[in-house]
Amino acid sequence: MNFLEERIIKDGIVKPGNVLKVDGFLNHQIDVALLDQMGLEFKRRFANKTVTKILTIEASGIGIACMVARHFGVPVVFAKKSKSVNIDGDMYIAEVESFTHKCKNQVIVSKKFLSSNDHVLIIDDFLANGCALQGLIAITESAGATVEGIGIAIEKGFQIGGTVIRNLGYQLESLAIVDSMDSENGTIKFKEQNNG
Ligand code: 5GP
């Protein structure tokens with residue numbers, strides 16, 4: 001098991017409805033040393049890529065994205081969730097369905113912070129059905145920028161997002177891929193990965 005998988009086993013809680021709670025180190029209280037280790041690991045996995053911006057979505061992607069950005073020496077841009085309908089033309093907009101909150105949000109990024117010259121590494125905490133990532137990819141494409149890769153902390157491998165995104169041809173790197181989890185007895189099984 002790698003460092004993140006070990007931490008998930010230690011502190012993750014499986015909730016009914018295929019939700020994994022990681023509030024103790026990622027989603028509410030944040031273990032900064034752990035996130036820094038994740039940042040370094042993403043830097044290693046995307047070492048051959050030219051990256052000018054890290055793109056994520058508020059709120060829980062921001063911490064990880066900042067740690068990745070530190071290792072690449074580039075800024076973080078985070079997509080904001082917005083309920084407002086009258087958004088002016090200075091924004092890229094995508095529609096994202098929330099897995100955890102079961103609602104639709106518009107997510108927006110100012111045109112000031114993403115352009116066709118940008119090479120984007122997308123980072124997020126979880127991958128479930130892939131809606132959040134599809135929104136971030138759509139925003140990158142609206143800007144005419146290039147998606148260099150996608151880094152996820154925890155992929156739920158039993159949901160379709162990973163397959164959909166890999167089939168689109170992107171380099172998707174997940175630090176932990178959950179194969180199965182059981183809320184009755186709290187067990188979590190990971191997919192074996194060979195990332196030597
Ligand atoms: P997707 O758009 O891939 O269906 O879901 C990804 C988003 O939903 C992530 O940004 C994350 O915030 C949230 N999410 C999905 N599954 C889980 C989960 O099991 N636990 C937590 N804490 N968040 C999740």
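Helices (H or I, at least four residues) and strands (E, at least two) here are DSSP runs, numbered from the N terminus. This is a predicted model, where local features need pLDDT of at least 70, side-chain atom pairs count only at pLDDT 80 or more, and totals for chains, interfaces and linings use all residues. Residues are numbered from 1 along each chain as its sequence is written, and side-chain values use heavy atoms, with hydrogens and water left out.

Reader: Where does K53 sit?
Author: Look at residues 53-57. That run, with K53 in it, is strand 3.

Reader: Is K53 buried or exposed?
Author: Buried means under 20% relative accessible area, exposed over 50%, partly exposed in between (1.4 Å probe, protein chains only). K53 comes in at 15% relative accessibility, so K53 counts as buried.

Reader: How many residues of strand 3 are buried?
Author: One side has K53, L55 and I57, the other I54 and T56, and they are all buried. So strand 3 is mostly covered, and the count of buried residues is five of its five.

Reader: Which residue of strand 4 stands opposite I54?
Author: Strands pair if DSSP finds at least two bridges between them. Strand 3 runs parallel to strand 4 (residues 76-82), joined by four bridges. In strand 4, the residue opposite I54 is V76.
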